[in-house]
Amino acid sequence: MLNALTLVTGVAALLLAAWCGWAAYRDQPTKDWHFIGMAVVSLLAVVQLVVGIVQLARGEKPAQGTTIFVAYLLGAFACVPAAGFMSLAERSKWGSVTVAAGGVVLAVLEVRLYDIWGG
């Protein structure tokens with residue numbers, strides 16, 4: 001797995017979490033700018049998903065098993081979009097809290113993906 005991509009995705013997810021956490025602190029719902037940030041983080045997760053699948057197709061194996069690796073890749077891919085859709089349903093500060101929590105979860109998933117790959 002590309003360590004740089006994992007690091008960039010994790011840091012971007014934490015920045016998104018801090019940004020949306022700040023909006024929640026100010027009692028604001030998610031705004032258009034937050035959704036642009038979610039799109040950027042989601043794009044990084046899509047790139048990571050594709051890179052992971054390509055590496056598996058080339059015959060490379062994660063240290064802790066392919067099944068768990070693919071499960072974590074799919075979870076990382078779906079984490080921020082799911083939080084974004086949930087924030088649309090809750091148009092208050094709690095929508096921003098949901099996206100902030102999704103960003104933190106994605107960062108934790110990135111650390112776990114690094115461990116599973118053998119980092």
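This is a predicted model: local features need pLDDT of at least 70, side-chain atom pairs count only at pLDDT 80 or more; totals for chains, interfaces and linings use all residues.
User: What do the numbering and the values rest on?
Analyst: Residues are numbered from 1 along each chain as its sequence is written, and side-chain values use heavy atoms, without hydrogens and water. Local features need pLDDT of at least 70, side-chain atom pairs count only at pLDDT 80 or more, and totals for chains, interfaces and linings use all residues.

User: Why are H2 and H4 called roughly parallel to each other?
Analyst: Helix H2 (residues 32-57) and helix H4 (residues 93-117) pack at an angle of about 20°, with axes 12 Å apart. Angles under 35 degrees count as roughly parallel, and H2 and H4 are therefore described that way.

User: Which residues of H2 and H4 make the contact?
Analyst: H2 contributes Met38, Val41, Gln48, Gln55 and Leu56, and H4 contributes Val99, Leu106, Glu110, Leu113 and Trp117; contact means heavy atoms within 4.5 Å.

User: Which residues of the largest nonpolar core touch the most other members?
Analyst: Leu16, Val41, Phe69, Val80 and Leu106 do, out of 23 residues. H4 gives the most to this core, eight residues. Leaving out residues up to four places away in sequence, Val41 touches Ala12, Ala13, Leu16, Val80 and Leu106.

User: Why is Gly102 called buried?
Analyst: Buried means under 20% relative accessible area (1.4 Å probe, protein chains only). Gly102 has 7%, so the term applies. This residue of helix H4 touches Cys79, Val80 and Ala83, not counting residues up to four places away in sequence.

User: How far apart are Gly102 and Cys79?
Analyst: They are 23 residues apart in sequence and 6.0 Å apart in space, C-alpha to C-alpha.

Conventions
Axes are lines fitted to C-alpha atoms, for helices over the stretch in contact, and angles run from 0 to 180 degrees between N-to-C directions. Helices (H or I, at least four residues) and strands (E, at least two) are DSSP runs, numbered from the N terminus. Angles under 35 degrees count as roughly parallel, over 145 as roughly antiparallel, 65 to 115 as roughly perpendicular and the rest as oblique. A nonpolar core is a set of buried Ala, Val, Leu, Ile, Met, Phe, Trp, Tyr and Cys residues joined through side-chain atoms within 4.5 Å. Buried means under 20% relative accessible area, exposed over 50%, partly exposed in between (1.4 Å probe, protein chains only).
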